[in-house]
Each structure stands twice: as structure tokens, then as C-alpha cells.
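Hi,

Here is the structure I said I would pass on. Have a look at it first, and then read my notes below.

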Amino acid sequence: MTPIGALEASSLGQAMRQWLWLYPSVETVHLVGIALLFGSIAILDLRLLGFSRKIGVKALARHVLPWTAAAFVLILPSGFLMFTAHATEFIQSPVFVLKMGLILAAGLNAALFHAIVFPSVEVWDSEEMRKLAPPPSVRISAFASILIWIGVIACGRLLAYF
């Protein structure tokens with residue numbers, strides 16, 4: 001038996017499939033986490049695209065990024081639990097593979113933003129500079145983030161149908 005098959009055959013995988021309210025409850029936690037994650041990221045990304053320029057990016061990031069982190073606390077374990085229920089099916093699904101690839105792309109986009117673009121926030125988000133649109137690198141990163149996360153959400157929904 002493969003490790004994926006063993007995971008699915010485990011008592012945890014069996015419970016996720018057999019207990020009437022377990023899978024729907026875990027899925028609800030996952031969906032709440034997704035809403036919190038996308039909501040917090042979208043608020044920051046919309047600001048990075050140039051909306052709500054009166055609000056400083058650094059202050060907004062300090063406010064929303066803890067919510068983003070909290071969302072991952074809900075999403076990761078709930079996603080793993082749902083995976084255990086249908087691991088062999090999911091691992092063979094091109095939609096699941098695409099979803100995981102998009103999540104990696106979102107992480108890479110965020111890492112590049114925080115390592116390369118965000119360190120200069122004091123310059124491009126200063127009081128005087130807020131009258132101008134954010135630099136192209138900021139807007140590209142924000143736009144990519146929104147598109148990637150929409151793709152992740154779409155793939156998550158499509159898993160039920162493919």
C-alpha cells in the first residue's frame with residue numbers, strides 16, 4: 001500500500017468518510033478559513049493596487065497579516081483532514097495538482113513581495129507619494145495575488161466535480 005493509500009485507509013481517513021457530521025464540519029472550518037484568508041489578502045492587495053490611498057500600506061499590513069496567519073491555522077489542518085478522506089482520488093486529480101501549484105505560486109509571490117518590494121514601503125507609501133499610483137512592481141504583485149487566490153478557490157470548488 002502506498003503512503004497515500006495508507007493515509008486514506010487510516011482511522012482518521014475512515015472517520016472523515018464515515019462520521020456523518022465530521023467532513024461537513026471540517027469543510028465549514030476550511031471555508032471560514034478561506035474567507036478569512038482571501039478577505040485579508042484582498043484588502044491589502046486592493047490597497048497595493050492603489051485603492052484607499054489614505055491608509056498607509058505598512059499600517060494596513062500590520063492589521064491584516066495576523067488575520068491572514070490565523071486563517072492558515074484554520075485552513076491547513078482542515079485541508080489535511082479533508083485530504084485524508086479521499087487522498088488517492090485527490091492526488092490523481094489534475095485540479096488538485098493545479099490547486100497545490102497555485103498555492104505554491106501564491107506563497108512565492110508573497111515571499112518575493114515581502115523580500116524585494118515591501119522593504120522600500122517607506123519610500124513609495126510616504127504621505128507625498130500616496131498621491132501617485134503605487135510602483136508597477138507593487139501593483140503587479142497585488143494583481144497576481146488576487147488572480148492566484150481566485151484560482152485556488154475555483155480549484156477547491158471544482159474538486160467536487162472532477
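Let me begin with a pair of helices: α3 and α8 are roughly antiparallel to each other, a label used for angles over 145 degrees. Their axes come within 9 Å and cross at roughly 160°; axes here are lines fitted to C-alpha atoms, for helices over the stretch in contact, with angles running from 0 to 180 degrees between N-to-C directions. The crossing of α3 and α8 is left-handed, as the near helix is turned anticlockwise from the far one by less than a right angle. On the α3 side, the residues in contact (heavy atoms within 4.5 Å) include Ile34, Phe38 and Ile41, and on the α8 side they include Ser145, Trp149 and Ile153. By class, that contact has 12 nonpolar, one polar and two charged residues. Ala, Val, Leu, Ile, Met, Phe, Trp, Tyr, Cys and Pro count as nonpolar, Asp, Glu, Lys and Arg as charged, and the others, Gly among them, as polar.

Before I go on, bear in mind that this is a predicted model, where local features need pLDDT of at least 70 and side-chain atom pairs count only at pLDDT 80 or more, while totals for chains, interfaces and linings use all residues. Residues are numbered from 1 along each chain as its sequence is written, and side-chain values use heavy atoms, with hydrogens and water left out.

As for the overall layout, the protein chain has eight helices and zero strands. Both are DSSP runs numbered from the N terminus (helices: H or I, at least four residues; strands: E, at least two). The C-alpha trace spans about 60 × 25 × 25 Å along its principal axes.

α8 (residues 136-158) has another partner in α6 (residues 94-117): their axes come within 9 Å and cross at roughly 160°. That makes α6 roughly antiparallel to α8, and this crossing is left-handed. The contact residues here divide into 15 nonpolar, six polar and one charged.

A pocket is an open set of points on a 1 Å grid over the protein atoms alone, with protein on both sides within 12 Å along at least five of seven lines; in a cavity, a 1.4 Å probe fits but cannot get out, and lining residues have an atom within 4 Å of a point. Grid points are joined across faces, edges and corners, and a volume is the space filled by probe spheres set on the points.

The largest pocket holds about 720 Å³ of space. Its lining has 28 residues, and His30, Gly79, Met82, Lys99 and Leu159 are the closest to its centre. That lining divides into 20 nonpolar, four polar and four charged residues.

The second largest pocket has about 290 Å³. Of its 18 lining residues, Ile41, Ala110, His114, Ser145 and Trp149 are the closest to the centre. α6 gives the most to this lining, with seven residues.

A search of the whole structure also finds one cavity of 30 Å³ or more. The largest cavity has a volume of about 40 Å³, and its lining includes Arg47, Arg53, Trp124 and Asp125. By class, that lining has five nonpolar, no polar and four charged residues.

Ser52 is not a glycine, yet it has a positive phi of about 50°.

Cheers

Terms used
Parallel < 35°, antiparallel > 145°, perpendicular 65-115°, else oblique.
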